[in-house]
Amino acid sequence: MKNLSIHETAIVDSPETIGEGTKIWHFTHVIAGAKIGPDCMLGQNVYVGGDVRLGRGVRIQNGVNVFDGVTLDDDVFCGPGVTFTNVKRPRSSISQKDRYERTHVCRGATIGAGTVVVCGVTIGEYALIGAGSVVTHDVPSHALAFGHPASLRGYVCHCGENLKEIEDLWYCDTCGASYRFDCDQRLKLVDPNQGR
């Protein structure tokens with residue numbers, strides 16, 4: 001496989017399911033069945049379960065646990081120590097593998113260091129979750145959310161900077177992109193060529 005880099009201390013059960021250009025660092029374990037897209041980076045001491053899907057360009061920093069049932073779309077960033085769960089009421093004495101709940105992190109979202117993402121949620125496109133948060137509910141696209149539990153604190157641009165509300169538009173001072181809520185209450189670029 002071209003340009004695939006797996007450190008000698010990593011354990012990768014099925015390297016054929018890893019995309020070109022991906023790098024996997026020290027002491028990381030990828031379980032058989034996981035599908036990892038091209039150009040991803042998995043830092044040191046990362047765990048990736050067998051029923052995990054990673055898109056193109058996903059960046060996972062050191063010490064992240066991505067358990068079964070998680071999908072990270074293209075260009076998702078997970079800071080150090082992020083943990084995803086897959087059962088809401090675990091018991092040591094009761095097997096619940098048939099009750100894993102799906103978690104979906106949409107394209108371009110960022111999850112800050114030390115965040116816990118409770119299973120069964122969707123984090124929208126380009127959302128930004130502050131470090132040390134606990135995500136217990138869905139997070140809308142472009143949302144800035146943080147806290148215990150994480151709650152909506154504002155909106156962010158594709159570039160990650162805060163958006164300012166000006167009349168019926170949300171505007172980025174950094175890159176000049178502007179957004180408007182659509183009929184489904186999702187922020188959408190006014191000009192799709194901006195902010196990319």
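Glutamate 8 counts as exposed because its relative accessibility is 77%, where exposed means over 50%, buried under 20% and partly exposed in between, using a 1.4 Å probe and protein chains only. You will find glutamate 8 in the loop between S1 and strand S2 (11-12). Its C-alpha lies 29 Å from that of threonine 115, a residue 107 places away in sequence. Keep in mind that this is a predicted model, in which local features need pLDDT of at least 70 and side-chain atom pairs count only at pLDDT 80 or more, while totals for chains, interfaces and linings use all residues. Residues are numbered from 1 along each chain as its sequence is written, and side-chain values use heavy atoms, leaving out hydrogens and water.

Now to the sheet. Nine strands form an open sheet with mixed pairing, in the order S1-S3-S6-S9-S12-S15-S18-S20-S21. Strands here are DSSP runs of E with at least two residues, numbered from the N terminus, and two of them pair if DSSP finds at least two bridges between them. At the edges sit strand S1 (5-6) and strand S21 (151-155), each pairing on one side only. Strand S3 (residues 23-24) runs parallel to strand S6 (residues 41-42), joined over two bridges, and isoleucine 24 stands opposite leucine 42 in S6.

Leucine 42 turns up again in the largest nonpolar core, which has 36 residues; Leu42, Ile60, Leu72, Phe84, Ile111 and Ile123 have the most contacts inside it. Such a core is a set of buried Ala, Val, Leu, Ile, Met, Phe, Trp, Tyr and Cys residues joined through side-chain atoms within 4.5 Å. Strand S11 (70-72) and strand S20 (143-146) each give two or more residues to this core.

Methods. Helix = DSSP H or I, 4+ residues; strand = E, 2+ residues; numbered from the N terminus.
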